Amino acid sequence: MSDPSQARIAELEREIAQLHMKSTGAQARLAEMQSELKKLKGEDGVNLAWQRVQLARHPKRPHALDYIQRLVPDFTEIHGDRAYGEDPAIVAGFGTLAGGQQVMIVAQQKGRDTKQKLFRNFGMPKPEGYRKAMRAMEVASKFGRPIIALLDTPGAYPGIDAEERGQAEAIAYNLREMSRLETPVVTVVIGEGGSGGALALGVGNRVYMLENAVYSVISPESCAAIIYRDSSKGELAASALKITAGDLMRLGLIDGIIPEPAGGAQEDYDKAAEFLFTALVAALDEMKAMKPAELIAQRYDKFRQMGNFFTE
Amino acid sequence: MDWFKHPKKVAKVTDEERHVKTEGLWIKCDGCRQIIWRKDIEETLHCCPKCGHHFRIDARTRLKYLLDDGKWSEHDATLTSNDPLAFVDAKPYHERLASMQKALKLKDAIISASGTLHGRPVNVCSLELKFIGGSMGTVMGEAITRAIERSIADRHPLIIVSASGGARMQEGAVSLMQLVKISAALMKLDQAKVPYISVLTDPTTGGVTASFAMLGDLNIAEPGALIGFAGPRVIEQTIRQKLPEGFQRAEFVLQHGFLDAVVKRSEMRQFIATSLNFFCGPLPQ
């Protein structure tokens, strides 16, 4: 790729980010720019969905704590669900978002090396993780602090112990209780949005996805195992399931797409965090003046509209 | 040596006749493996008269057993999915939907009903397992949300009888968001202090358990019902071990603290009526 086109890519990405933040009325221009961007990047005709799945799972992709370090340098982590235990697959804590804003962050955390992966249970939370996150969010709500939720998990842990301690109940409880939080909630899918396991932290006033993140009801591999009886055909299932940020935007399920550095977030952590930061600050600014009742109503109405895909 | 090949006198029966004569008269119990006369179990609300095993029943039969005189009025019966993903697997999803709709005479995997239970008006959602595994897509999401809104408006208790494998894959992330939509509506029902009883039947797993099925003021289940988040096969594949007997069954879930009661089908009406008496007070005479 020549230099001028690189510059154009960066320019377009910035513009897309800004438009998304004020997305109303800009949909047409957005589609134009995205298709131009696709052509410039030579992505026409490639299985974009599968590429995105691989980027979302890239071994060097920044995880929640990589972003947290950069967004909230004075991050103070809190632990435990006050009922059973501590789950390292979910990180919760508070700190100062640059600009002086105190925020609560809850996030699903994957590990990088083998030891870390085991410690974080491959980013698959157990019930105590979800309950810890809910507890943290309730504290934030009580003291009027905004909440940022970063989603990145292959799914909730499907194991005996998780079932015994009520995995389903923990997720269900979070879905209901998040919908009555009295402070702004901004949710960002930063990698894999693995079904209900991700969604349990996903009830936001604003829901964004990073450009290369995916959000899905079932993993492409599991879907392929059901449809084609062959889990290696995930590539085919990935495009059928419509799981990319663009797909969810078109379906009206997310509020915006946050750009990543050229080639993906793994190429430049600082820049990726900067883009995320810009989006978070803009979203929190928008909601600054909203009262608790307005926040609850706005969050409720947003999800109430979802899935208007029926005829009577 | 003629007597070796003595021609047997077999009445010539066409396949069709044979089918008619034997099909469905007898049924093998999944619990005790005994052969039962089908008429018998219809008299016992589809429970095995020998071991008490609860057979799966469809959404209509469920309503018939639950509501006074087996009668109800239906809501939102024409809601139909418009295939938001244009999903195609072995056959296109819209074709699968059409054939299911024809076979089951339902538009989707749910009947949203109003009726009375021991004289008390209630709103009941009954899920249909035979319709793509009772899976939850936009139609179920919308129908349940409307039922909740109806309960908030008329203050009639809500009962949801679940039988489902979870969110509907063929509607992708749109299905997933129905979990939030319904759970958020339940938050409003909770604030309105209208009772909600969740009845979990065999099987209730995935996104249905992880949303409305676990959020009742009371969560009750039929004996032996499979209840969980991940399906048993998924767990076996993850941990590479056989699962213990009784794992994720209603009794197991009760023991671990996530059910208020395991209630036999024959006692279900009475149990719900008693509970609603507690929540709402006795009916005015």
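This is a guided tour of a predicted model, moving from one selection to the next.

**Chain B as a whole**

Begin by selecting chain B, whose C-alpha trace spans about 90 × 50 × 45 Å along its principal axes. Coloured by secondary structure, chain B shows 10 helices and 10 strands. Of the 285 residues in this chain, 53% are buried, and if you consider the contacts in chain B with a separation of 6 or more, 66% of them join residues 24 or more positions apart.

**The nonpolar core**

Next, select A:Tyr67, A:Leu150, A:Val188, A:Tyr215, B:Ile144, B:Phe212 and B:Ile272, which are the residues with the most contacts inside the largest nonpolar core, a set of 168 residues.

Which residues does A:Val188 touch, once its neighbours within four places in sequence are left aside? Centre the view on A:Val188 and you will find it in contact with A:Ala149, A:Leu150 and A:Leu151, with A:Tyr208 and A:Leu210, and also with A:Ile258, A:Leu276 and A:Leu280.

**A covered helix in chain A**

Now move to helix H3 of chain A, residues 48–56, which is mostly covered, seven of its nine residues being buried.

**The cavities**

A search of the whole structure finds two cavities of 30 Å³ or more, and the largest cavity holds about 120 Å³ of space. To bring it into view, select A:Glu163, A:Gly166, B:Ile227, B:Gly228 and B:Val253, which are the closest to its centre of the 15 residues that line it. Two elements give two or more residues to this lining, namely helix H8 (167–178) of chain A and helix H9 (250–255) of chain B, and H8(A) gives the most, with three residues.

**B:Ile239 and its partners**

From there, go to B:Ile239, which is placed in helix H8 of chain B, residues 232–239. Not counting residues up to four places away in sequence, B:Ile239 touches A:Tyr157 and A:Ile160. If you draw a distance from the C-alpha atom of B:Ile239 to that of B:Ala261, which is 22 residues away along the chain, the separation is 29 Å.

**Rings that meet rings, and charges over rings**

The count of aromatic pairs over all chains comes to three. One of them is formed by B:Trp26 and B:Trp37, an edge-to-face pair with 4.8 Å centre to centre and 65° between the planes. This pair links distant parts of the chain, 11 residues apart, with B:Trp26 in strand S1 (residues 26–28) of chain B and B:Trp37 in strand S2 (residues 35–37) of chain B.

Finish with two lysines. Select B:Lys188 together with A:Tyr300, where the charged end of the lysine sits over the ring of the tyrosine, 4.0 Å from its centre. Then select A:Lys302 and A:Phe303, where A:Lys302 lies over the face of A:Phe303 at 4.7 Å from the ring centre.

Technical notes
Residues numbered from 1 in each chain as written. Chains lettered and ligands numbered in written order. Predicted model: local features only at pLDDT ≥ 70, side-chain atom pairs only at ≥ 80, totals over all residues. Heavy atoms only, no water. Phe/Tyr/Trp six-rings, centres within 6.5 Å; stacked < 30°, edge-to-face > 60°. Helix = DSSP H or I, 4+ residues; strand = E, 2+ residues; numbered from the N terminus. Lys NZ or Arg CZ within 6 Å of the ring centre and 35° of its normal. Core = buried A, V, L, I, M, F, W, Y, C linked by side-chain atoms within 4.5 Å. Buried < 20%, exposed > 50% of the residue type's maximum accessible area, 1.4 Å probe, protein only. Contact = heavy atoms within 4.5 Å. 1 Å grid on protein atoms, 1.4 Å probe; cavity = no way out; pocket = protein on both sides within 12 Å on 5 of 7 lines; lining within 4 Å. Points joined across faces, edges and corners; volume = space filled by probe spheres on them.
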